[in-house]
Amino acid sequence: MADQKIALVTGITGQDGSYLAELLLDKGYIVHGIKRRASLFNTDRIDHLYQDPHDPNLRIKLHYGDLTDSMNLTRIIQETRPDEIYNLGAMSHVKVSFDMPEYVGNVDGLGTLRILEAVRLLGLEKKTRIYQASTSELYGGMAENKNERGYYDESSPFYPRSPYGVAKIYGFWITKNYREAYDMFACNGILFNHESPRRGETFVTRKITRAVAKIALGLQEKLYLGNLEAKRDWGHAKDYVRMMWMILQAEKAEDYVIATGVTTTVRGFVKMAFEEVGIELEFRGEGVDEKAYVAACNLKEFQLDIGKEVLSIDPAYFRPTEVDLLIGDPTKAKEQLGWEPEYDLKGLVQDMMKSDVDLFKKDIDLLKAGHSILTQAE
């Protein structure tokens, strides 16, 4: 179909990329995704989207590529000639960025430039709209930079507190620069924390829900975390990728904050996760000595010993420079584009916990089945 839109998504195998690919396919797009070459299969999040890669009617195609390789990116953009590019690829783990500062600068900062420059050199600046995945880490949690309502919005000054945030601030400004210098439809979405059952296992929310599910099922003794006082504005990735698409459908290229406007501590998230399996917690101690114990078990399916220690603090998980509070103001997105999140925090935690409980129940069933086969063989 001549009017069928073409989208190119970097980071398509990640949490956001997989949900965005689903959304775009539902809207009739042809979707091209860029994934890094690896010796292991790393397409679990999108395997359901292309059951038969030889299907002539398949509307999703993957390309090997890397944000550090400008020639490769230029070739892919030239071959696909996309109407929309969503740059979601990044080294996005804040703690790890302190260990890999040069790499995160190359990928998250210069990677954005490589895409913008490829579009310009190929003469596609009037055809291709570009979405750059920016981050709330740009703000650095500086209290004096909030607006009069106590939130961070599109006009709040930046003060990144990690190599990841610093790299992303380059990506933000180079996107804005190309928009103004070359009249490109290039936009930043300043995303606050967004989670889902597809969140990477090393990120704190998924680390929590996986551990809570395993503890409730008797597969793990306890959970280790860092700063329980850190507060975040957590939304659902499904809501956020819908906003990404809305940004590129607007009449004018602008930057938007994507957030819920509600903040919760890490401790609060832990309590909500345990509540989903009927377990109430009691926290004792302060700082690195704080621990959580089972106070009550309200579901027959998940029973632990009352008084059992299920959470301890590990100082190794504290960051060199910690961002204690991040909360965004999505007023502009709501008023100008009509965006409204469909999930609240409780709905997000429910979705993640159900998924992880089901995941580990399957593991238990597989272990039982394997044991039964071995017993029969003996």
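Biologist: Is Arg81 buried, exposed or partly exposed, and what is its relative accessibility?
Modeller: Arg81 counts as partly exposed because its relative accessibility is 44%, where buried means under 20% relative accessible area, exposed over 50% and partly exposed in between, with a 1.4 Å probe and protein chains only. This is a predicted model, in which local features need pLDDT of at least 70, side-chain atom pairs count only at pLDDT 80 or more, and totals for chains, interfaces and linings use all residues. Residues are numbered from 1 along each chain as its sequence is written, and side-chain values use heavy atoms, with hydrogens and water left out.

Biologist: Where does Arg81 lie, and what is its phi?
Modeller: Arg81 lies in the loop between helix 2 (70-80) and strand 4, where helices (H or I, at least four residues) and strands (E, at least two) are DSSP runs numbered from the N terminus. Its phi is positive, about 45°, although Arg81 is not a glycine. Most residues other than glycine have a negative phi.

Biologist: And what about Asp183, buried or exposed?
Modeller: Asp183 counts as exposed, at 54% relative accessibility, and it sits in the loop between helix 5 (163-182) and strand 6. Its phi is also positive, near 55°.

Biologist: New topic: what is the strand order in the open sheet?
Modeller: The open sheet has seven strands in the order 3-2-1-4-5-6-11, with parallel pairing, and two strands pair if DSSP finds at least two bridges between them. The edge strands, strand 3 (60-64) and strand 11 (256-258), each pair on one side only.

Biologist: How many bridges join strand 2 to strand 3?
Modeller: Five bridges join strand 2 (residues 30-35) to strand 3, and Gly33 has Leu62 in strand 3 as its bridge partner.
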